[in-house]
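User: I am new to protein structures. Can you show me how to read a few features, one at a time?

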Amino acid sequence: MSDRTMTRQVLLFISVLSLSSVNGQVSYSIPEEMAKGSLVGNIAQDLGLDIKRLTSGRARVHVGNSAEYIELNKERGVLLIRERIDREALCEQTTPCALHFQIIMEDPIEFYRITIEIIDINDNAPVFQKDSIKFEISESAVTGAKFVLERAFDSDIGINGLQSYSLNPTDHFVLKLHGQDDGSKKVEMVLQKPLDREKREQISLVLTAIDGGEPTMSGTVQIHVTVLDANDNAPVFTQAIYKAGVVENSKRGTLLTTVSATDIDNGSNGLVTYSISSSKVGILDLFQINASNGEVRLIGKVDYETAKHYQIDIEAKDQGGLSDSSKLVVDIADVNDNNPLIDMMSTSKSIPENSPSQTIIAVMSVHDPDSDNNGVVNCVLSENIPFTIKSTSNGFYSLVTDSDLDRERASEYNISVTCSDEGVPSLSSSVTLTLQISDVNDNAPVFERSSYEAYIIENNTPGLSIFTVKSRDADWNQNARVSYILEDSSVNGVPVSSYVSVSADSGVIHAVRSFDYEHIKDFQFRVKAQDGGSPPLSSNVTVKIMIQDQNDNAPQVLYPVQTSSSLVAEMVPRSADVGYLVTKVVAVDVDSGQNAWLSYKLQKATDRALFEVGLQNGEIRTIRQVNDKDAVKQRLVVVVEDNGQPSRSATVNVNVAVADSFPEVLSEFTDFTHDKEYNDNLTLYLVLALAVVSFLFITCLVVIISVKIYRWRQSRILYHSNLPVIPYYPPRYADTLGTGTLQHVYNYEVCRTTDSRKSDCQFARPCSQNVLIMDPSSTGTMQRMQTKQNNPDEPDSPIEQKPPNADWRFTQGQRPGPSGAGGPPEMAMGTGPWPNPPTEAEQLQALMAAANVSEATATLGPGTMGLSTRYSPQFTLQHVPDYRQNVYIPGSTATLTSNPQQQQQQQQQQMAAQHQALQAQPSEAAPQPEPPKAAQTPASKKKSTKKEKK
């Protein structure tokens with residue numbers, strides 16, 4: 001193409017049609033044989049389209065059943081050559097030659113008709129069907145005799161087609177051309193100079209066929225002329241043009257017509273033969289002429305849709321070589337032999353259910369190659385479908401909706417289109433289009449129930465599935481995909497999301513926490529079901545969760561109160577009769593229903609034959625008469641059991657004192673021990689303590705053995721030295737009871753409770769005061785030792801702190817004991833044993849008096865008893881209140897009160913003890929100042945405050 005000038009004419013025709021689906025028509029003219037990828041035209045510019053529209057509309061070229069020579073470049077908006085176009089192969093001799101196709105776009109569906117005219121170029125040289133032409137010419141041939149030559153065939157048309165002939169040499173013959181109706185030229189060789197066989201028997205000529213293209217192309221054929229004897233008359237056809245008709249699809253051998261030519265010569269010179277000399281390719285394959293009689297018959301299949309008529313050149317030649325020519329025109333008659341051709345140019349596989357009426361779902365073209373009524377086509381649709389078909393233009397149809405669609409009623413349609421022609425008999429074609437109705441989110445989810453109630457047992461495991469809410473959405477796919485959402489609300493001020501959660505996919509409601517029926521019995525919330533459409537649709541439902549009680553709480557004993565720091569006892573007089581109400585065990589169970597029904601049973605008792613417990617009311621009563629043989633200290637273990645499955649229980653210890661007076665009760669309950677509290681890390685501490693003790697024990701053992709060995713060696717040295725051993729006592733050394741080993745006498749201030757494992761000990765500075773030694777069993781002896789006053793210059797003299805009073809201790813007469821109990825002087829000096837041990841009540845009285853007067857006490861809990869070994873010398877029993885008169889036992893409503901006679905005896909005993917104590921004091925003993933008070937601790941302050949309140 002680079003060596004020729006290519007011209008292109010662009011013809012743009014924009015026509016507005018009656019319907020919007022066909023928007024215009026564009027025509028282009030291009031030369032044939034353009035290279036692949038060559039530009040045809042800017043279709044976007046010529047149609048006034050945006051390139052983005054070509055891309056978004058998925059523009060494409062639709063050519064139907066024809067070969068696709070043109071392609072569309074959507075990015076550039078231009079038409080390009082896809083395959084090389086040979087006009088001769090495409091249209092043969094038809095003019096004009098054009099390609100017809102459509103540009104189709106979707107969303108919305110649009111199409112444009114494109115016509116491309118193929119302009120012929122001179123790419124084919126004239127061609128003769130035969131390699132050589134032979135003539136036998138009589139020498140008698142007159143000047144001007146004509147000899148018909150075979151015409152050359154040039155596939156090109158117009159100026160590029162066959163234009164002229166030339167003959168060389170031209171000594172005897174010249175060419176003569178005759179134009180014909182179809183535009184071709186009849187070539188004749190005319191004798192211009194008589195022949196002379198004797199001079200030249202064979203004449204060779206070259207016939208050249210020349211076209212009008214540029215550059216010029218030509219074809220040649222050799223003409224061999226044999227000069228014969230004279231035959232001066234040529235055959236003559238009876239008609240210049242013969243006409244015949246035949247129906248398409250006729251059988252082979254069908255006679256079309258008979259041509260005839262006459263030759264006035266006689267003999268062999270008058271014998272005429274017929275032949276077909278048509279220059280069109282393919283004529284000899286369709287038609288045949290009998291050389292002797294001139295019958296023209298059909299030997300091939302003719303098709304009206306391919307060619308409507310044929311022109312056949314027939315030649316008549318005698319034996320002398322003279323000839324004549326004629327033309328036979330064969331017309332082809334059409335029959336209804338073609339079904340309508342349905343071409344679905346563009347279809348929509350699916351449309352949304354909310355598509356408006358008259359929505360185009362398909363565009364198709366229908367063509368029937370037959371003619372007249374045989375080519376008239378009508379198209380119809382299947383019945384009972386919401387669609388109709390409309391003819392948009394000649395041969396083009398649109399399939400549109402004519403009513404509302406509902407996917408929930410019909411999600412798919414099989415649309416059958418039937419197109420029939422009007423031939424006899426009528427022929428038809430049909431095509432089925434499957435159309436999916438796409439879903440639109442027009443249905444909200446619907447719950448199976450208007451409300452839900454579910455039950456769950458308390459103490460559930462977090463994450464437990466409670467139940468499932470279900471909803472149904474009539475839509476499809478994503479629009480029907482339901483998600484469950486827990487709506488925001490609160491239960492008792494707490495977000496409901498901290499109670500339950502909802503699975504978004506399955507609607508399973510899970511418990512987020514473990515529920516407790518005692519705190520919350522039921523609650524409700526709302527669950528929203530939302531589909532996945534856009535915009536989403538939703539509905540909600542109320543869910544009520546009922547929590548069922550479980551026997552997860554053991555009974556709680558409200559009375560008697562169980563504490564680790566106090567002792568509670570119930571008094572039962574020995575005169576109590578049968579059915580005497582000792583006390584009542586009060587318990588509650590926070591569960592509900594039968595889980596809270598309580599029953600009371602006596603599990604253990606010191607004497608089971610003495611007490612019983614009411615099964616329903618928990619009252620402890622005597623079941624027989626109390627006698628003197630019954631133990632004072634009675635311990636009952638009562639089991640409180642609920643009616644749950646399995647049942648739970650609690651035990652309470654009830655201490656009952658069978659006695660008429662408080663001293664009897666006190667003596668039995670002073671040894672009460674409490675359970676120890678164990679630490680979680682007790683095992684670890686025990687192991688560490690055992691390791692440390694073992695290490696210290698081994699170390700001490702080694703040290704002791706070493707010291708023993710050392711002392712043994714020293715004693716052996718002294719023993720062998722024969723020196724007397726004189727014991728030496730350092731200054732201020734006091735031998736107490738002959739067993740003392742301390743260098744100085746120490747004063748200890750000890751504060752203890754009857755059951756405490758936490759005691760406070762305060763160590764005063766060394767002094768030379770008296771020492772009170774008490775046996776732990778409360779039966780020890782007291783020794784009183786008198787020392788001299790400390791000198792101020794002595795290093796151990798207590799200058800910075802005043803020593804405690806040396807005479808604060810009780811004398812024998814001041815000690816609690818039986819009234820009138822006295823002792824000899826050595827008892828007053830603390831050198832003899834206590835003759836009569838005090839009773840338990842007297843010991844309790846002394847202990848409680850010491851607890852009131854001592855301010856440096858240990859930390860005491862409620863209901864404990866304190867002990868202090870420090871008294872002032874002015875303290876006597878007259879300052880001690882008689883606690884035996886009215887004793888309050890913590891944790892109990894009982895008050896122990898003694899009788900007046902017993903009180904009087906106690907007062908007399910107190911006065912006698914006071915008198916004896918005053919006589920037993922040495923006359924030289926000067927009054928000593930009150931011992932210093934120990935610093936108050938927070939615990940002691942708390943204790944004193946409680947006592948003041950009492």
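Analyst: Let's start with a disulfide. This model is predicted. A disulfide joins C91 to C97, with an S to S distance of 1.7 Å. The rule for calling one is simple: two cysteine sulfur atoms within 2.5 Å.

User: How many disulfides does a search of the whole structure find?

Analyst: The search finds 2 disulfides. In the other entry, C379 and C419 are bonded, with sulfur atoms 2.0 Å apart. C379 lies in strand 28 (residues 377–381) and C419 in strand 31, so this pair ties together parts that are 40 residues apart in sequence.

User: What is the pairing when the bonded cysteines are numbered in sequence order?

Analyst: The pairing reads 1-2, 3-4.

User: Which hand does the disulfide of C91 and C97 have?

Analyst: Look at the torsion about the S-S bond. For C91 and C97 it is about 65°, so the disulfide is right-handed. The link of C379 and C419 has 105° about its S-S bond and is right-handed.

User: Are these cysteines buried or exposed?

Analyst: Under 20% counts as buried. C97 has 1%, so C97 is buried. C91 has 12%, so C91 is buried. Both C379 and C419 are buried too.

User: Where is C97, and with which residues is C97 in contact?

Analyst: C97 is found in strand 7 (residues 97–105). Set aside the neighbours within four places in sequence. C97 is then in contact with R87, L90, C91, I116, E117 and I118. Now compare chain and space. C97 and I119 are 22 residues apart along the chain, and their C-alpha atoms are separated by 7.4 Å.

User: What share of the contacts in the protein join residues at least 24 apart?

Analyst: Count contacts between residues at least 6 apart in sequence. Of these, 67% join residues at least 24 apart. For the overall make-up, the protein has 10 helices and 57 strands. Buried residues make up 41% of its 950 residues.

User: Now the surface. Which residues form a nonpolar patch there?

Analyst: F697, I698, L701, V702, I705 and I709 form the patch. Together they have about 570 Å² of accessible area. Take F697 as one example. F697 is found in helix 6 (residues 682–721). Over 50% counts as exposed. F697 has 54% relative accessibility, so F697 counts as exposed.

User: How do I read a cis peptide bond?

Analyst: Check the omega angle. From N168 to P169, omega is near -10°, and the bond is cis. P169 is found in the loop between strand 11 (162–168) and strand 12 (173–179). The bond from V424 to P425 is also cis, with omega near -5°. P425 sits in the loop between strand 31 (412–421) and strand 32 (428–438).

User: Which phi values are positive in residues other than glycine?

Analyst: Two cases to look at. N249 has a positive phi of about 65°. N249 lies in the loop between strand 17 (241–247) and strand 18 (255–258). Phi of N477 is near 60°. N477 is found in the loop between strand 36 (471–472) and strand 37 (483–486).

User: What are the relative accessible areas of N249 and N477?

Analyst: N249 has 33%, so N249 is partly exposed. N477 has 45%, so N477 counts as partly exposed.

Key: Residues numbered from 1 in each chain as written. Predicted model: local features only at pLDDT ≥ 70, side-chain atom pairs only at ≥ 80, totals over all residues. Heavy atoms only, no water. Patch = residues over 30% accessible without salt bridge, like charges linked within 9 Å, V, L, I, M, F, W, Y side chains within 5 Å. Areas by Shrake-Rupley, 256 points an atom, 1.4 Å probe, with all protein chains shown as cover. Salt bridge = Lys/Arg side-chain N within 4 Å of Asp/Glu carboxyl O. Helix = DSSP H or I, 4+ residues; strand = E, 2+ residues; numbered from the N terminus. Buried < 20%, exposed > 50% of the residue type's maximum accessible area, 1.4 Å probe, protein only. Contact = heavy atoms within 4.5 Å.
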